[in-house]
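Here are my notes from going through the model, point by point. Have it open alongside as you read.

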Amino acid sequence: MNFVSTRGDTPPTSIDAALVAGLAPDGGLYVPELIPVIDIEPCDTLAQTACEVLAPYFAQSSLLDALPSICAHAYSFDAPLRTMSGDGDHLLELFHGPTAAFKDYAARFLAEALSRLRPAGAAPITIVVATSGDTGAAVASAFHRRDGFNVVILYPKGRVSPRQAHGLECWGDNVRTFRVQGTFDDCQRLAKQALSDEALRREVPLSSANSISLGRLLPQVAYYAHAALHFHREHGQPLNLIVPTGNLGNACAAFVARRMLAQGAQSPIGELVLACNANDVLPRYFAGQDYEPRATKATLANAMDVGAPSNFERLRHWHSSDDELRASLRAFTVDDATITDVVRESPARHGIIADPHTAAGLHVLERIRELGDQRPWTVVATAHPAKFDTIVEPLVGHAVPVPPQLAQCLSRPASAAELPADYDAFRAELRA
């Protein structure tokens with residue numbers, strides 16, 4: 001299977017080359033030439049499901065024989081589907097990895113894959129990652145002290161939670177972290193400019209671990225497939241998903257999973273609904289307005305503070321028209337006041353403690369119920385509430401226990417450098 005750019009000006013390439021490049025030379029995002037349809041039974045472990053789901057994409061890859069061991073490492077912790085109190089709805093918990101966020105699965109997969117693809121004795125590869133809160137820590141954890149790799153993290157100063165900031169700054173060694181004087185969209189712009197700078201890349205080998213990378217998109221398909229296959233076998237119904245989203249990478253993975261598992265008109269994954277914060281570019285689009293990126297607004301659900309979601313290119317590539325795309329997904333916006341109310345009420349109403357991003361998804365579930373929808377729904381929990389203690393704890397009235405893996409990060413000293421939202425300044429840091 002070959003992989004092509006969403007912008008159509010890059011020759012088809014192998015998955016190995018696409019993983020190493022991160023971004024296509026024409027500035028587009030790599031996608032498979034086709035999304036394969038597979039017929040698999042529920043597997044015992046998430047790692048086994050991942051291997052089955054990813055195998056078609058790696059059929060001609062030098063990594064094919066290593067795929068089981070790569071998956072065993074990347075998916076060594078579960079993604080449990082738990083029943084919430086109330087109407088029997090579910091929560092897909094994706095925060096059990098080393099940095100307590102869903103990005104751990106794919107970051108670990110990508111680190112293992114790139115380590116095997118890097119030629120012995122080659123110059124170190126610098127992984128450039130823009131983060132709105134969680135991606136940077138997951139990538140840092142996956143590549144920390146990994147031979148042949150450096151990591152450069154860009155995050156918007158003052159726009160992540162204190163514990164998220166600590167998780168971005170606590171690594172040292174081969175990881176450098178920059179507080180950018182701007183928004184996540186500024187960070188993303190700097191990362192894309194660097195990855196598209198051919199002169200710079202000849203001097204400093206670069207790759208990406210943002211959701212623009214194929215190595216982030218495809219591994220995230222696995223946990224949706226695993227949850228849906230088991231849910232369908234147990235309940236005989238499709239798994240309808242509410243995905244909190246900002247840059248659309250996780251939601252795109254759910255879309256790919258739905259297509260891959262479709263047998264005729266049926267799939268164990270049913271409807272996909274996007275939960276967005278006050279950055280409402282996607283809800284406005286899916287309501288029929290033109291797609292129009294806007295300046296980012298700072299919100300409580302900061303990992304979703306994206307005004308120009310990169311992965312929208314992938315969704316448009318996979319649909320023949322805006323009408324077809326709008327028929328494929330729905331999107332709702334949730335403001336900070338509502339997120340606050342949902343976090344406060346989540347223990348009594350749902351039997352869980354919700355972080356702000358999951359709270360956005362829970363409110364969308366309530367709105368769907370108000371519209372008379374009685375189907376079973378699953379809200380995707382993308383991060384552990386302990387990462388947002390300054391928001392969550394005053395609302396629920398008690399401390400949120402910190403998972404051991406997050407406590408390890410918080411126990412280390414942290415430091416970062418200041419950086420203006422200026423490409424020349426960033427380019428100079430990459431060359432230093």
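1. A term to settle before anything else: buried means under 20% relative accessible area, exposed over 50%, and partly exposed in between, with a 1.4 Å probe and protein chains only. Helices (H or I, at least four residues) and strands (E, at least two) are DSSP runs, numbered from the N terminus. With that, helix H18 (residues 423-431) has Tyr423, Phe426 and Leu430 as its buried residues. They sit on the same side of H18, because they cover an arc of only 65° around the axis, the arc being that of the directions from the helix axis to the C-beta atoms.

2. Housekeeping: this is a predicted model, so local features need pLDDT of at least 70 and side-chain atom pairs count only at pLDDT 80 or more, while totals for chains, interfaces and linings use all residues. Residues are numbered from 1 along each chain as its sequence is written, and side-chain values use heavy atoms, with hydrogens and water left out.

3. What do the buried residues of H18 pack against? Contact here means heavy atoms within 4.5 Å. Their partners are strands S5 (125-130), S6 (149-156), S7 (175-181) and S13 (417-420), plus helices H7 (184-195) and H8 (198-203).

4. Helix H2 (residues 46-54) buries Leu46, Ala47, Thr49, Ala50, Val53 and Leu54. These cover an arc of only 160° around the axis, which puts them on the same side of H2. Their cover includes helix H3 (67-74), helix H4 (103-117), H9 and helix H10 (249-261).

5. On to the cores, a nonpolar core being a set of buried Ala, Val, Leu, Ile, Met, Phe, Trp, Tyr and Cys residues joined through side-chain atoms within 4.5 Å. The largest has 99 residues, and Leu19, Tyr57, Tyr75, Phe109, Phe143 and Tyr224 have the most contacts inside it. Helix H9 (residues 214-235) gives the largest share of this core, 12 residues. Apart from it lies another core, of 33 residues, among them Val334 and Phe388.

6. Tyrosine 75 also turns up in a cluster linked by ring pairs, with Phe77, Tyr105, Tyr223 and Tyr224. Rings of Phe, Tyr and Trp (its six-membered ring) pair if their centres lie within 6.5 Å; planes under 30 degrees apart count as stacked, over 60 as edge-to-face and the rest as tilted. The whole structure has 11 aromatic pairs. Tyrosine 285 and phenylalanine 286 have ring centres 5.1 Å apart and planes at 85°, so they are edge-to-face; both residues are buried.

7. How many disulfides does the structure hold? It holds 0, taking a disulfide as a pair of cysteine sulfur atoms within 2.5 Å. For cysteine 51, the nearest cysteine sulfur is that of cysteine 71, 4.7 Å away.

8. Two backbone spots to check. Leucine 248, in the loop between strand S9 (239-244) and H10, has a positive phi of about 75° and is buried at 1% relative accessibility. Aspartate 173, in the loop between H6 and S7, has phi near 55° but is exposed, with a relative accessible area of 54%.
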